[in-house]
Structure formats: structure tokens, C-alpha cells
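Could the fold, one of its pockets and a few single residues be talked through in order?

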Amino acid sequence: MGLFDAIRGEFIDIIEWTDDSRDTIVWRFPRHDNEIKMGARLTVRESQIAVFVNEGRVADVFAPGMYTLETRNVPILSTLKGWKHGFDSPFKAEVYFVNTRRFSDFKWGTQNPVMVRDPEFGPVRLRAYGGYSVRVVDPPRFIAELVGTDPQFRTEEAEGYLRQMIVSRLGSALATAARDVPVLELAIHQHDLGQRMSKALSQDMASVGLEIPDFNVESITLPPEVEKALDKRSQMGLLGDMDQYTKFQTATAIGDAATTPGSGMGEAMGMGMGFAAAQQMAQNANPQPQQAPPQQQPQAQPAAAPPPLPQAEWFVGADGRQSGPFDANALSQQIGGGRMTRDTLVWKTGMAQWTPAGQVPELSGLFAATPPPMPPA
């Protein structure tokens with residue numbers, strides 16, 4: 001190696017980064033004490049941004065593409081270095097490659113339950129969890145606010161900060177959502193809640209150059225005791241009445257006791273099942289003759305009641321005039337009033353001629369209760 005090759009080795013003429021990891025957000029090009037020579041080739045790939053930092057200050061930012069570093073296309077760095085009249089000389093600068101793709105392997109969850117007020121259940125504690133993605137939208141600000149001089153900034157280093165921001169925002173978001181929507185219907189609005197959280201968090205993260213393009217709410221859960229109460233309530237609704245629910249509880253308690261060691265219920269149930277099995281075997285060995293089912297006797301129909309007897313219609317002839325018809329009661333009144341005697345002529349349908357009432361057998365009983373006429377004084 002000659003002197004020229006040794007001097008040339010002190011200069012960097014190719015600057016690029018091929019990311020072989022899935023969690024590196026920022027990577028600093030390892031320049032060490034080497035100088036970047038004018039005319040070096042810079043390659044910035046898709047989803048990358050190259051940021052040149054000179055003495056702690058952002059000098060230039062390069063979007064995806066291939067560049068030849070010259071004084072004309074590093075204007076800020078040229079100004080900082082004081083190059084004039086196109087002076088070509090090596091320079092020292094830190095080069096940070098920022099990964100601008102979405103990092104979607106972030107998870108979030110509430111460490112402590114969030115207290116909300118539900119119109120149906122009153123104060124309720126909620127827990128929630130899900131995932132979200134992060135993307136760098138302002139590389140210079142991101143380097144200045146979070147990365148600093150870290151040569152390799154990974155997702156795990158940003159996760160703690162992001163989680164704190166999410167939890168602080170999530171409490172108010174859940175409380176607002178529960179105020180407008182019942183707790184039991186929050187699952188329907190999880191997508192809308194995630195979109196609102198994404199927008200709110202992106203506004204907060206703009207100060208550090210980050211964006212939350214996706215925020216997913218996978219589940220919103222109630223405390224276990226509340227979920228058990230809701231399960232009981234659903235069971236009661238399916239059973240329909242308290243009598244069926246009581247039977248269901250009794251059967252459940254018996255089943256639990258049978259599976260509990262030392263309770264004695266399992267042994268008792270086993271003996272009962274054994275007796276029942278032995279009785280069934282005995283019946284199978286000595287089958288009893290089957291008795292014919294008793295024939296059903298036809299039910300006697302209630303006798304029909306006879307129709308009422310027709311009332312006889314009597315005609316009375318007195319003083320050459322005919323009156324009537326009269327029934328037996330009316331004749332009795334005539335007799336009792338003295339207007340009819342045994343010699344009074346009567347007739348009805350079926351009689352051949354007019355006959356004195358005293359000679360008609362049907363009417364003789366009416367005169368029995370009538371006193372005879374008073375003797376003359």
C-alpha cells in the first residue's frame with residue numbers, strides 16, 4: 001500500500017444503511033474519526049431519511065435517492081463549514097439514518113382500571129388493551145427530542161414513553177365514550193374509539209416528530225365480579241322464572257358437591273346409582289308379564305231432562321158466558337174467591353162436552369181445600 005492509498009483509506013466515499021433488523025428506528029453511520037470526502041456517494045433507500053448533524057446541529061436532510069456529496073447539494077453544511085468559491089475538502093459530520101416505515105408491533109394496556117360512570121350500572125371499572133403503530137414524520141425533531149446521540153435507537157426505547165402517553169389519554173377517552181354509550185355497547189364502538197385515540201395521540205406526538213397512524217382497541221373488559229353478575233343475569237333471563245332458576249341452582253350445587261373430595265355426596269350418589277342399576281338388572285332377569293292396559297269404559301251420557309209438562313187450559317162457563325182459558329192455579333183462585341163452584345161448567349181440549357167441575361177428577365182436588373158454604377142462620 002502506497003502513501004496515496006493510506007491517505008485515501010482515511011476518507012469515506014460510500015454512505016448507506018441496509019437494515020437487517022425489524023426494530024431499529026434510528027441508526028448512526030459509524031464514521032469514527034474518518035472524514036467524508038467531497039464527492040462521496042450517499043444512498044438513501046425507500047422508507048429512510050438521512051440526517052447530517054454537524055457539531056450538534058442538523059445540517060442537511062436527504063430523502064430517498066442517490067446523491068453525490070458536493071458543496072452545491074449540501075447547502076446548509078457548506079454554510080456551516082464556511083466553504084466558499086466551491087472549495088472541495090473532506091469534512092466531518094454525523095450521519096443518522098431514520099427508518100420512516102410503520103412499526104406495528106407495539107402493544108398497550110391499562111395497568112390500573114379506569115373508573116367510568118354508566119347510566120345502567122353506575123360507577124364501573126374498565127380495563128382495555130390493544131395494539132398500535134408508530135411512524136417518524138419529522139426526523140430532525142425526533143433525533144433532537146428522543147434519540148440524542150444514541151448510535152442505535154430501537155423501538156423498545158420509545159415504547160415506555162409511548163405507553164405513558166397512551167395511558168394518560170386513554171382514561172379520558174374511555175370516560176367520554178362511556179358517558180355517551182352504555183358500557184355493554186362499548187364493543188360496538190371500539191373502532192371509533194381507536195380512531196379518536198389515533199388522532200389525539202398523533203397531535204400529542206407531533207412535538208417529538210412521531211405519528212400514531214393506527215390505534216386498535218382489541219378488548220374492553222369489566223371486573224370479574226361484574227362479569228359473573230352479568231352471566232347470572234343472562235342465565236336468569238334464559239330460564240324465564242325463579243322456580244326454574246332455583247332448580248337449576250340446586251342441580252348445580254349437587255353436581256359441585258359430588259365432585260368435591262370428602263363431601264360424601266359423591267359416595268351417596270354412587271350408592272344410589274348402584275342400587276338403581278341392581279334393581280334394573282333384576283327386572284331384566286325376571287321380566288314381569290305385561291298387563292294389558294285397562295280398557296276405557298265409555299262414559300255414560302247424562303240423561304236428557306224431560307221437557308216441562310204442558311199446562312192444561314180450562315174454559316169456564318157461568319151465567320151463559322164462556323171465559324178462559326185458565327190454568328190450574330187460576331181455577332184455584334176462582335174457587336177460593338167463590339166465583340166457581342162444583343156445579344160450574346168447565347171444558348178443555350179432549351173433553352166431549354161441558355161438565356160440572358166437581359165431576360172432573362183432575363179438578364176434584366181443588367175443591368177439597370175449599371170449605372163448604374155456611375148454613376143459613
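The questions and answers below concern a predicted model.

Q: How many helices and strands does the chain have?
A: The chain in this predicted model has 377 residues, of which 31% are buried. Among contacts between residues at least 6 apart in sequence, 63% join residues at least 24 apart. As for secondary structure, the count is 10 helices and 16 strands.

Q: Which strands stand at the edges of the open sheet of 5 strands?
A: The order of this open sheet is S5-S4-S7-S2-S11, and its pairing is antiparallel. Reading that order from end to end, the two outer strands each have a single partner strand, so one side of each is left without a neighbour in the sheet. The edge strands are therefore S5 (57-62) and S11 (152-154).

Q: What is the average twist from one strand to the next in the sheet ordered S5-S4-S7-S2-S11?
A: The sheet in question is the open one of 5 strands with antiparallel pairing. From one strand to the next, its twist averages 20 degrees.

Q: Which helix packs on the sheet by touching S2 and S11?
A: The helix that touches these two strands spans residues 155-180, and its direction makes about 50 degrees with that of S11. This helix is H4.

Q: Which residue in S7 is the bridge partner of Val26?
A: Strand S2 covers residues 24-28 and strand S7 covers residues 94-99, and the two run antiparallel, joined by 3 bridges. Val26 falls within the residue range of S2, and its bridge partner in S7 is Val98.

Q: Which strands are the edge strands of the sheet of 4 strands?
A: This open sheet has antiparallel pairing and the order S14-S13-S15-S16. An edge strand here pairs on one side only, which applies to S14 and to S16 (355-356).

Q: Which residue in the turn between S13 and S14 has a positive phi?
A: S13 and S14 pair in the antiparallel sense over 4 bridges, and one of the residue pairs they bring together is Trp314 with its bridge partner in S14, Phe326. The two strands form a hairpin with 2 residues between them. In that turn, the residue with a positive phi, of about 60 degrees, is Asp319.

Q: Which strand gives the most to the lining of the second largest pocket?
A: The second largest pocket has a volume of about 160 Å³, and its lining consists of Val316, Ala318, Asp319, Arg321, Gln322, Ser323, Phe326, Gln334, Arg339 and Met340. By class, this lining has 4 nonpolar, 3 polar and 3 charged residues. Strand S13 (314-318) and strand S14 (321-326) each supply at least two of the lining residues. With 4 residues, the strand that gives the most is S14.

Q: Where does Ser47 lie, and what is its phi?
A: Ser47 counts as partly exposed, at 31% relative accessibility. Its place is the loop between strand S3 (35-44) and strand S4 (48-54). Ser47 is a residue other than glycine with a positive phi, and the value is near 65 degrees.

Q: What distance separates the C-alpha atoms of Thr71 and Met38?
A: Thr71 lies in the loop between strand S6 (65-68) and helix H2 (75-81), and with a relative accessible area of 22% this residue is partly exposed. Thr71 and Met38 are 33 residues apart along the chain, and the separation of their C-alpha atoms is 7.7 Å.

Q: Which residues does Phe121 touch, not counting those up to four places away in sequence?
A: Phe121 is in the loop between strand S9 (114-118) and strand S10 (122-136), where it counts as partly exposed at 28% relative accessibility. The C-alpha atoms of Phe121 and Leu184 are separated by 9.8 Å, although the two residues are 63 apart along the chain. The residues that Phe121 touches are Leu184, Leu230 and Arg233.

Terms used. Residues numbered from 1 in each chain as written. Predicted model: local features only at pLDDT ≥ 70, side-chain atom pairs only at ≥ 80, totals over all residues. Heavy atoms only, no water. Pairing = 2+ DSSP bridges. Axes fitted to C-alpha atoms, helices over the stretch in contact; angles between N-to-C directions. Contact = heavy atoms within 4.5 Å. 1 Å grid on protein atoms, 1.4 Å probe; cavity = no way out; pocket = protein on both sides within 12 Å on 5 of 7 lines; lining within 4 Å. Points joined across faces, edges and corners; volume = space filled by probe spheres on them. Nonpolar A, V, L, I, M, F, W, Y, C, P; charged D, E, K, R; others polar. Buried < 20%, exposed > 50% of the residue type's maximum accessible area, 1.4 Å probe, protein only.
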